[in-house]
Amino acid sequence: MTVTQVAPFTCQKDQFQLDDSAHYLNCAYLGPIPRSVEMAGITGLQTKRSPTPFPSSEFFSGCNHLRERFAALVGGTSERVAIMPSASYGVTAAARNLPLGRGQRIVILGEQFPSNVYIWRRLAVENECELFTVHRPGPPPSAARWNERLLDAIRPGTAVVALPHCHWTDGTRIDLVAVGKRAREVGAALVVDGSQSIGAVPFDLDEIQPDALITVGYKWLLGPYSMALAHFGERFDDGIPLEENCFAREGSDDFQALVDYTDQYRPGAVRYDVGETANFILVPMMIEALDCISAWEPADIRAYCVALLESLTNELREKGWAMEDDFWRTGHMLGVRLPEGWELDSLQARLVEAGVYCSLRGDALRISPHVYNDASDIDALREVLLSFST
Ligand SMILES: Cc1ncc(COP(=O)(O)O)c(C=O)c1O
């Protein structure tokens, strides 16, 4: 039997407190938090136990550190980072601030995650726009043609292109550098939901130049739930936030003067922060999670996941399981389609029986490891998959 080989990067399992009896290959669903992230949350909770002393500067310092860490990870500017509770919040804030003319086009992908779909559906109706969905042209491998069709759909008259970095069901890669270039050529705004890739795949804002990049913290960034981060470009500098949060206003660090009302927001994207931004539990957890990710480095995390999945990927491909070509996958996760006539539900039941956790998304079995996984997890998965197929 083939045994999985992994890259020189060492498994970080001891940094986590995972269930020893489980093979957790489901980071694309919920990322576990490292021990240090858990400790940061507990310390945050204790801070609020008896808030003496609790200077008002505490409402800003953690948020500023968080902005700095995220900006450093994606190559951005800290004051352009907004702190939010969800991807849908960030996409909605972006969408509500992009001008949409009657008859203009909004481009999305087929089976895109709903948080980056529903607001566009609403705005398309409200503004009499065309919501243009670029569907996968056929069963995988078909990503090269899918990307070509996507570029072709971004035509003059396109107002917005709203995409992920990779498809959430199977990790199919979207060539965002080419998309960004095309969007700029036709004057369209590019909104990217990076929730299924940021942290585990390098992302370079300078290279892609999206107008807005939004990601949840609870998946590949290994942070807490109800924490998302966004980086907004200049298009949004004079926008209207979804809520009027007093800490987003100039001078709000002087609590005594909060009723000296001002129409001036703090610079950059701070105006888009959710209210009660300085969540004393979630913010320190997210900072610690970003510190872990930055120390491990997205390029190495990706390489580690690719190495973990490599031999299994090749075996499944040889056995006729449909998947995208390696070139068109971000590599940190693998979505495979079963050969015709096989039942995903019964496969899923067999996996759970064996303590192997993956997800069914669309018609794909999605396998999503991270640095806490090792070859034994992939071997347990392989055993179920190959016994199922023979
Ligand atoms: C691509 C993508 N975006 C966003 C989310 C989560 O969105 P929200 O934070 O709006 O619940 C998910 C969750 O699975 C996702 O896969």
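A: A definition comes first: two strands count as paired if DSSP finds at least two bridges between them. This is a predicted model. In it, E2 and strand E8 (residues 228-232) are joined by 4 bridges.

Q: Do E2 and E8 run parallel or antiparallel?
A: E2 and E8 run antiparallel.

Q: Which residue is the bridge partner of isoleucine 83 in E8?
A: The partner is leucine 229.

Q: What is the strand order in the open sheet?
A: The sheet has 7 strands in the order E2-E8-E7-E6-E5-E3-E4, and the pairing is mixed.

Q: Which strands stand at the edges, and why is one side of each left without a neighbour?
A: Strand E2 (81-84) and strand E4 (130-134) are at the edges; each has a single partner strand, so one side of each lacks a neighbour in the sheet.

Q: How much is the twist from one strand to the next?
A: The twist averages 15°.

Q: Which strands does helix H2 touch?
A: Helix H2 (residues 58-74) packs on the sheet and touches E2, strand E7 (212-216) and E8. The direction of H2 makes about 120° with that of E2.

Q: And which does helix H4 touch?
A: Helix H4 (residues 118-127) also packs on the sheet, where it touches strand E3 (105-109), E4 and strand E5 (158-164). The direction of H4 makes about 145° with that of E4.

Q: Changing topic, what are the domains?
A: The domain assignment gives domain 1 as 13-34 + 297-389 and domain 2 as 45-295. Their C-alpha centres lie 27 Å apart.

Q: How many residues are in contact between the two?
A: In domain 1, 30 residues are in contact with 32 residues of domain 2. Helix H9 (298-318), strand E9 (334-336) and strand E12 (364-367) each supply at least two residues of the domain 1 side. The largest share of that side, 5 residues, comes from H9.

Q: What classes of residue make up the domain 1 side?
A: That side has 16 nonpolar, 6 polar and 8 charged residues.

Q: Which residues surround the ligand?
A: Among them are Ser86, Phe113, Trp168, Asp193, Gln196 and Ala228. The shell around the ligand divides into 6 nonpolar, 5 polar and 1 charged.

Q: Finally, is glutamine 348 buried or partly exposed?
A: Glutamine 348, in helix H10 (residues 344-353), is partly exposed because 17 other C-beta atoms lie within 10 Å, whereas a buried residue would have 20 or more.

Q: How far is its C-alpha atom from that of leucine 365?
A: The C-alpha atoms of glutamine 348 and leucine 365 are separated by 8.4 Å, and the two residues are 17 residues apart along the chain.

Key. Residues are numbered from 1 along each chain as its sequence is written. This is a predicted model: local features need pLDDT of at least 70, side-chain atom pairs count only at pLDDT 80 or more; totals for chains, interfaces and linings use all residues. Domain bounds come from an automatic or database domain assignment. Two residues are in contact if their C-beta atoms, placed from the backbone, lie within 7 Å. Ala, Val, Leu, Ile, Met, Phe, Trp, Tyr, Cys and Pro count as nonpolar, Asp, Glu, Lys and Arg as charged, and the others, Gly among them, as polar. A residue is near a molecule or strand if its C-beta atom, placed from the backbone, lies within 6 Å of it. A residue is buried if 20 or more other C-beta atoms lie within 10 Å of its own, exposed if 12 or fewer, and partly exposed in between; C-beta atoms are placed from the backbone. Axes are lines fitted to C-alpha atoms, for helices over the stretch in contact, and angles run from 0 to 180 degrees between N-to-C directions.
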